[in-house]
Amino acid sequence: MIKGAFALINMYDFLEINDRNKLYLIHFIEADMNHYFPIESLMENLSLSRFKVENLIEELNIELALLNLTKLEISNTHFVTTTNINEETIIQLRRSYVRKSYYFHLFEELLYRKTSLAKFAELFFISDSKAYDIKKKLVSILKPLGISIKNGQIKGNEEKIRLLYFDVYYFYFNGCKDIFKVRADEIKTQKSIISAIKDDVALTQKAKLYIFIQIISLRMKNNNYVEIATSHFSTENASLKAYQRYISLKDMEIEQQELLYFSRFLYAENFITIKDT
């Protein structure tokens, strides 16, 4: 399984079941050094009939063609073969799958705003009953983390909620542009925070920081703040100063908690050292 958020959930649970099975199928083939995988093994591992496995292969071939990648072939009626499947193939497929997943759509809507099922159904042109089923599935995904959906909002420990959103967005969209629906001026301000960090930070680390800041910003816009015991720490670090100006909260206690939370992330990801805080 593809784990995330304290290894309690499977990242692929955010996908529609058919797309999830296609990715598992591709994983099995990619992991085989010869890219020559028995159909019987696929049937056993996926708990699917031969008919369903062959249908998955047909769907995958249509999608692989759109990505200009080599198709899968059934050889001697018993094996699936290919010559050009790698990790990048899997990344491209899972991005396309998550963007059409209703489970992810609801999860994302709840990041941006309070969302009723009626509004969600109207927005995505689905029935109320389907919207209910989507919420029910999403609730089951979140439950192991102690996170729930109540009154159209994600509820639970704020640090866990933020980490979950970070894990999901980083897993599916690391390296992508225009991940979030935010104003250009906000992006500019957030980049100024990132640019205040030492110059030798790798692009992958800066991508992590960008996603993290966006998620914090969206949560705070909906009045969701962390609750952690604050202690004296320095905000003289250039990045922390820029972040303090960015959040600019009226409640000083909440601001201190948010600054400490952000500094912990910077320290955990080696952006700053202990002496900076």
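## Contacts of Y172

Y172 touches M11, Y12, F14, L15, R94, R95 and V98, leaving aside residues up to four places away in sequence. The model is a predicted one.

## The chain as a whole

The chain has 277 residues, and 48% of them count as buried. Its secondary structure consists of twelve helices and seven strands. The accessible surface comes to about 14,600 Å², and carbon and sulfur atoms account for 52% of that surface.

How many of the contacts between residues at least 6 apart in sequence join residues at least 24 apart? The share is 66%.

## Salt bridges

Side chains of opposite charge can pair when their charged atoms come close. Across the whole structure, a search finds twelve salt bridges. One of them joins the side chains of E63 and K22, at 2.7 Å from N to O. This pair links distant parts of the chain, since E63 is in helix α3 (residues 50-66) and K22 is in helix α1 (residues 17-31), 41 residues apart. Are these two residues buried or exposed? E63 is buried because its relative accessible area is 16%, under the 20% cut-off. K22 is buried as well, with a relative accessible area of 1%. Both residues also belong to a network of salt bridges that links D19, K22, E59, E63 and K100.

A salt bridge also forms between the side chains of E158 and R219, at 2.8 Å from N to O. E158 lies in helix α8 (residues 158-173) and R219 in helix α10 (residues 203-221), so this pair ties together parts that are 61 residues apart in sequence. Both E158 and R219 are buried. In the salt bridge between R99 and E108, the N to O distance is 3.3 Å. Here R99 is partly exposed, with a relative accessible area of 34%, whereas E108 counts as buried at 6% relative accessibility.

## A buried glutamine

Q257 lies in helix α12, which covers residues 252-268. Why does Q257 count as buried? Its relative accessible area is 11%, and buried means under 20%. What lies 3.1 Å from a polar atom of the side chain of Q257? It is the backbone oxygen of I228.

## Two residues with positive phi

Most residues other than glycine have a negative phi. S47 is not a glycine, yet its phi is positive, at about 55°. S47 is found in the loop between α2 (39-46) and α3. With a relative accessible area of 64%, S47 is exposed, because exposed means over 50%.

N223 is not a glycine either, and its phi is positive, at about 60°. Where does N223 lie? N223 is in the loop between α10 and α11 (238-247). The relative accessible area of N223 is 57%, so N223 is exposed.

Definitions and conventions: Residues are numbered from 1 along each chain as its sequence is written. This is a predicted model: local features need pLDDT of at least 70, side-chain atom pairs count only at pLDDT 80 or more; totals for chains, interfaces and linings use all residues. Side-chain values use heavy atoms; hydrogens and water are left out. Contact means heavy atoms within 4.5 Å. Helices (H or I, at least four residues) and strands (E, at least two) are DSSP runs, numbered from the N terminus. Buried means under 20% relative accessible area, exposed over 50%, partly exposed in between (1.4 Å probe, protein chains only). Accessible areas come from the Shrake-Rupley method with a 1.4 Å probe; for residues, only the protein chains shown count as cover. A polar contact is a pair of N or O atoms within 3.5 Å; within protein, one must be able to donate a hydrogen and the other to accept it, and residues adjacent in sequence count only if both atoms are side-chain atoms. A salt bridge is a side-chain nitrogen of Lys or Arg within 4 Å of a carboxyl oxygen of Asp or Glu.
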